[in-house]
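Welcome, and please load the model in your viewer. We will go from stop to stop, with something to select at each one.

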Amino acid sequence: MAVCCYIPLSVKMSPSALLGFSCVLTKQYSSRHLLKSLTDVCRRGYSVEAQQTAEESGARPAGFRGPLDHYTGLIRDGSLREDEHQKAVMQTLDQLHKTLRGYSNTQMSFFSKFLPKPKAPKGYYIYGDVGTGKTMVMDMFYSYVETEKKKRVHFHGFMLDVHKRIHRLKQSMPKRKAGKMAKSYDPIAPIAEEISEEACLLCFDEFQVTDIADAMILKQLFENLFLNGVVVVATSNRPPEDLYKNGLQRVNFVPFIAVLQNYCQTLRLDSGIDYRRMNKPSAGKVYFLSSEPDGEATLDKMFDELAFKQNDITRPRVLNVNNRKVRLNKACGTIADCTFEELCDRPVGASDYLEISRLFDTVFIRRIPLLTLNKKSQARRLITLVDALYDHKVKRSFTLAETPNRIALVYDKCVSFQVRVVILADHPLDDIFVHHGEHGHDESHILMDDLGLKRDEASSLSIFSGEEEMFAFQRTVSRLTEMQTEEYWLEGDRSAKSQV
């Protein structure tokens, strides 16, 4: 018999669903055949529209069929060195790329709400030593995924956004009436649902957990994301079981590891080669000692030459970060001339560094001291700062250090200069952060007393031992080394893509 369907105008349907209905309206079907057709269309949870949009947008690199084809092409033309470890990971990600074609974790049609959600494919957690190509293979995979509902973020930035959302949601709750107990409210589940509506694929660079506030909410947050069909691909220097190693109250964090391993397969990418530190043509290196009288003068001259090309005057800048004022004493246009004390020796953090990397494409960092265990907080800020600058591909990082060696001063060809690196000698870059020296640890002892911890027992916790900072600083050394190479700055003019 002929079947007639009336579709409300308010119902939004994907092209795949409309295709099914066009068949229904133009042909004769039995009721059983009709039900099967509609079920097949809705159950898939896939959208033809998402695939078409991705193809029309031109986001996918031209000339390659997928990430693996792109990777092998770069090896063929000599842009990349063949690495079996990278290739094995890329083959796995290429298969996930195919599986995700048109995948959506949201309802694509009116009838899909009455059917079970499609099962999301497992994601991947890629770990290994610094500089082995983890970020490169993930980014190559990400560029080919055919959906607009995807996000690629640094894990620091993601968690900052989560805490902002939690704060916003709590602020929107009705105020507690005087004399009455406030009802307990858990914002994590609705925040996870909000994020899952924005993205069905999340790619995290540098998945690391050092903050107890993050550690305590990760299990519930990611459990809800996974239940909402979000696929996660992440890179890290640590295997999952070592995340938040020796962290405060780690026993409450450990269940998250099981959740992560349940929804993400673990891949090790560890060829034993730090490609950032291989002998590559440098951007041009000039060595200075901070004890030499011309060190500061040389940086002053470089700043003036760059500032001359800016449509601005040299002045202090005040940044508004989460309703806080962060003052930088010297800036001109897209150039910031800062001291280490200004950036790392006061209560600033990842959100401030992300704002700096958004506004400035040239950053001077002067007078970096030797970072002993008593300065691990400052070391942590320096690690976070370099991560933020590197992730945003700030093209010119000018650095003048007091005792470290090989800190980069770089300026780019786009401003009529050769890309160059100025290196401060006294200690190599690898030795900036050391375990010995300045054993007072007064602040650590005060915190131990406040937490009621015995000093012998607390010394093994990463918050006091500096172990996490020492581990993460290997990445900082690797990234600063790459930031001194000509190849890095000539690769695609990446910072020009961001709006200042």
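Start by selecting Tyr 125 and Phe 207: both are buried, meaning under 20% relative accessible area, where exposed is over 50% and partly exposed lies in between (1.4 Å probe, protein chains only). This is a predicted model, in which local features need pLDDT of at least 70 and side-chain atom pairs count only at pLDDT 80 or more, while totals for chains, interfaces and linings use all residues. Residues are numbered from 1 along each chain as its sequence is written, and side-chain values use heavy atoms, with hydrogens and water left out.

Tyr 125 and Phe 207 make an edge-to-face aromatic pair, with 6.0 Å centre to centre and 70° between the planes. Rings of Phe, Tyr and Trp (its six-membered ring) pair if their centres lie within 6.5 Å; planes under 30 degrees apart are stacked, over 60 edge-to-face, and the rest tilted. Tyr 125 belongs to strand S1 (residues 123–127) and Phe 207 to the loop between strand S3 (201–205) and helix H9 (212–227), so the pair ties together parts 82 residues apart in sequence. Helices (H or I, at least four residues) and strands (E, at least two) are DSSP runs, numbered from the N terminus.

Now widen the selection. Tyr 125 and Phe 207 belong to one aromatic cluster, whose members include Phe 158, Phe 222 and Tyr 244. In the whole structure, a search finds 16 aromatic pairs.

Next, colour the largest nonpolar core, which has 36 residues. Such a core is a set of buried Ala, Val, Leu, Ile, Met, Phe, Trp, Tyr and Cys residues joined through side-chain atoms within 4.5 Å. Which residues have the most contacts inside this core? They are Phe 158, Phe 207 and Phe 222. Among the elements that give two or more residues to this core are S1, helix H7 (155–172) and strand S4 (231–236), and H9 gives the most, with 7 residues.

Centre on Phe 158. Leaving aside neighbours within four places in sequence, Phe 158 is in contact (heavy atoms within 4.5 Å) with residues including Val 153, Ile 195 and Leu 225. A second, separate core of 34 residues includes Cys 338, Tyr 353, Leu 359 and Leu 389.

Thr 384 lies in helix H14 (residues 376–391) and, at 7% relative accessibility, counts as buried.

Move on to the loop between S4 and H10, where you will find Tyr 244 and Gln 249. Each has a positive phi of about 55° although neither is a glycine. Buried or partly exposed? Tyr 244, at 5% relative accessibility, counts as buried, whereas Gln 249, at 45%, counts as partly exposed.

Two charges are worth a look. Lys 150 lies over the face of Tyr 142, 4.5 Å from the ring centre, and the charged end of Arg 238 sits over the ring of Phe 471, 3.9 Å from its centre. Here NZ of Lys or CZ of Arg must be within 6 Å of the ring centre and within 35 degrees of the ring normal.

Finish at strands S7 (residues 315–321) and S8 (residues 324–332), which pair in the antiparallel sense over 6 bridges; pairing requires at least two DSSP bridges. S7 and S8 form a hairpin with 2 residues between them, and Asn 322 in the turn has a positive phi of about 50°.
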